[in-house]
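I keep these notes while I look through one structure. Each entry says what I looked up and what I found.

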Amino acid sequence: MSAIEQINLNDFEANFSSSTVTELSSVALGGRIVAVSDEFFAEAFHLLLVEPAPSLKGQFGPNGALYSGWETRRHNPDHDWCIIQLGTTGSISGFDVDTSNFNGNEAPAVSVHALYDADLKDPTPDDPRWREILPRSNLGPNSRHLFKVTPTPCYNYVILRMYPDGGIARFRVYGKVLPVHPPPDHLFDLAHVFAGGRVLRVSDQHFGVGANLILPGRGVNMGDGWETKRSRTKGHNDWVVIQLGVPGELTEVELDTHHFLGNFPESCEIYALSTPDGDNWSDSLADHSKWTMILPRTKLGPHRQHFFELENVVNKTYTHVKVIIFPDGGLKRIRIMGRRVDQPIASTSQITPSPAIPTPSLTPMSDPQSQIFVIPVVPLTAEEFAPFGQVIQAYRRNHPTRAAIKVTPANGGTAEKFHKQSLLVSTYPPEAGASTGISVYRCEPLTDISDGITVLRTLERHPYTNQAFIPMGAGSSGGLEDPANAYLVVVAHNGSNDKPDMKTLRAFVATTSQGISYNAGIWHQPMTVLGKPLDLACIESQIGDGSQMDCEILDLDLTTTYILKFSQ
């Protein structure tokens, strides 16, 4: 194949199937417009939208006819440009330049250049590091133009240039993700797209594509999940096969039916497979005996996150997971939690940074021997936080956690009481003179955060008491979607050396409708608020003399850096 090859639209699946490549530029992965030369008629953000460009024929705005795309003024003497940050770093293998609905005002030609910036510092159009990926190529009106290129080194920015001006409806960059894996023994989502996971095959994707299952976040509506058509055959089921980003020892699974209210699956089963060659799995698809059941058939519910511990996973390494749903329906996300086992999968071992492009350094370190570990920050749930303490909150009537809590009517039927979600615990010796009370912490927001990344510097513990924090403010959806109403929770168990066991380190983001209670002796980051100042009530026992019996504070060793990374 030549360095550049234009592909017929009929051959799209053969070349750009989600089972082989990922749309690196998608807003679903965090792709964004950095800068643009002009967008007089239509704004450039349309280029990265997931949905196909609709026709807006006959609709007009203050500047003229409306288009779902990027359209600039006429009569540019040279060219217009648009700089895009990819949703994740990856090796580029092709482009889809779509001029749908632009007829007579389409861009006549385009070129694409790319660069890599380890610090995610937005480049300018004249940056000398730009490297040509797609030379100037002609376009036509109202059509999709597919270009396949020889896989490149890894990049995280592209610049789309159109000659001389005009309109483009959508622009998609395809390639393979540069996987990001935490150290061994750290728990993470092995199926996540950023970890190199791939949806290889699905039985049906009539309403929503299978590749959505491993995207970041929980999505925005029913359309960005996987949904099959209604079945009319008794005993029917649908299924999806996911290749993990790296072979791993599995521990638990999250199945999310967010937004699926009347069309969620009735139940599911999950199987796992281990194959030395990551690409040699298809022969096992028809041979059910090669798969190991790791979750027996289990009921599912609407619009909720389901967390299940897995069976047949102790001391076993798996490379693929097959999720079967009965009889049909929709799932929003699948998270396969586990720990990596260092043996390469063929399809991902080839994706490494170019020697000329260094691996990102997330934080500057003076000591060249320093180690850096990345800890993902995930939404706080009672199930995930249970090894460290309790989550204190109210739950909707259909929420699965509600079943484990005593709930009774209160206030003459105008309220519900969620009983004793956390009990007060104190093991101080009587002579210490400790007492239990309620204090208030007025917390200023975290400022040491950039591009969703901050550094863990301090942990503390309370050896003789548990400690609860209750936000004093209006509840909200909060979380990663609303960082102005959220706080950070970082926890670890105590190790055999009476110091934090950093292998157990976990990080969560809590909303202001959630309180937390740390178990006695659990190491945790001091209360850290995101976005805006927040008052929190603190319930604890203490002596109050500032001694280590009340609170032991530990500044972390600077030779090892723990990066807390929020999902994009």
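**Entry 1**

I looked up Pro 327 and found it in the loop between strand S21 (318-326) and strand S22 (330-331). Strands here are DSSP runs of E with at least two residues, helices are runs of H or I with at least four residues, and both are numbered from the N terminus. The peptide bond that joins Phe 326 and Pro 327 is cis, with omega about -20°.

I noted how the model was made and read: it is predicted, local features need pLDDT of at least 70, side-chain atom pairs count only at pLDDT 80 or more, and totals for chains, interfaces and linings use all residues. Residues are numbered from 1 along each chain as its sequence is written, and side-chain values use heavy atoms, with hydrogens and water left out.

I then turned to Pro 164, which lies in the loop between strand S11 (154-163) and strand S12 (167-168). The bond from Tyr 163 to Pro 164 is cis as well, with omega near -15°.

**Entry 2: positive phi**

Most residues other than glycine have a negative phi, and most peptide bonds are trans. I looked for exceptions in phi. His 259, not a glycine, has a positive phi of about 75°. His 259 lies in the loop between S17 and S18. Its relative accessibility is 22%, so His 259 counts as partly exposed; buried means under 20% relative accessible area, exposed over 50%, and partly exposed in between, with a 1.4 Å probe and protein chains only.

Asp 498 is another residue other than glycine with a positive phi, near 65°. I found Asp 498 in the loop between strand S32 (486-492) and strand S33 (506-511). Asp 498 is partly exposed, at a relative accessible area of 41%.

**Entry 3: the whole chain**

I counted three helices and 39 strands in the chain. Of its 568 residues, 52% are buried. The accessible surface comes to about 26000 Å², and 51% of that belongs to carbon and sulfur atoms; the areas come from the Shrake-Rupley method with a 1.4 Å probe, and for residues only the protein chains shown count as cover. Among contacts (heavy atoms within 4.5 Å) with a separation of 6 or more, residues 24 or more positions apart account for 81%.

**Entry 4: the cores**

Which residues touch the most other members of the largest nonpolar core? They are Ile 92, Phe 95, Phe 171, Leu 250 and Ile 334, in a core of 65 residues. Strand S17 (residues 238-256) gives the largest share of this core, seven residues. A second, separate core has 23 residues, including Ala 382, Tyr 395, Ala 510 and Tyr 518. A nonpolar core is a set of buried Ala, Val, Leu, Ile, Met, Phe, Trp, Tyr and Cys residues joined through side-chain atoms within 4.5 Å.

**Entry 5: a sheet and a strand pair**

I traced an open sheet of five strands, in the order S25-S34-S31-S37-S28, with antiparallel pairing. Its edge strands, S25 (389-392) and S28 (435-443), each pair on one side only. The twist averages 15° from one strand to the next. Two strands pair if DSSP finds at least two bridges between them. Strand S31 (residues 467-471) and strand S34 (residues 515-518) have three bridges, and Gln 467 has Tyr 518 in S34 as its bridge partner.

I also followed strand S30 (residues 458-461), which pairs with strand S38 (residues 552-555) in the antiparallel sense over four bridges. Arg 461 stands opposite Glu 552 in S38. Thr 458 and Glu 460 point one way from S30, Leu 459 and Arg 461 the other way, and all are buried.

**Entry 6: two single residues**

Is Thr 89 buried or exposed? Thr 89 counts as buried because its relative accessibility is 14%. Thr 89 is found in strand S7 (residues 80-98). Leaving aside neighbours within four places in sequence, its contacts include Tyr 116, Cys 154 and Lys 176.

Ser 274 is in the loop between strand S18 (267-273) and strand S19 (292-299). Ser 274 is partly exposed, at 43% relative accessible area. Beyond neighbours within four places in sequence, Ser 274 is in contact with Thr 317, Tyr 318 and Thr 319. A polar atom of the Ser 274 side chain lies 3.1 Å from the backbone oxygen of Thr 317.

Notes
Axes are lines fitted to C-alpha atoms, for helices over the stretch in contact, and angles run from 0 to 180 degrees between N-to-C directions. A polar contact is a pair of N or O atoms within 3.5 Å; within protein, one must be able to donate a hydrogen and the other to accept it, and residues adjacent in sequence count only if both atoms are side-chain atoms.
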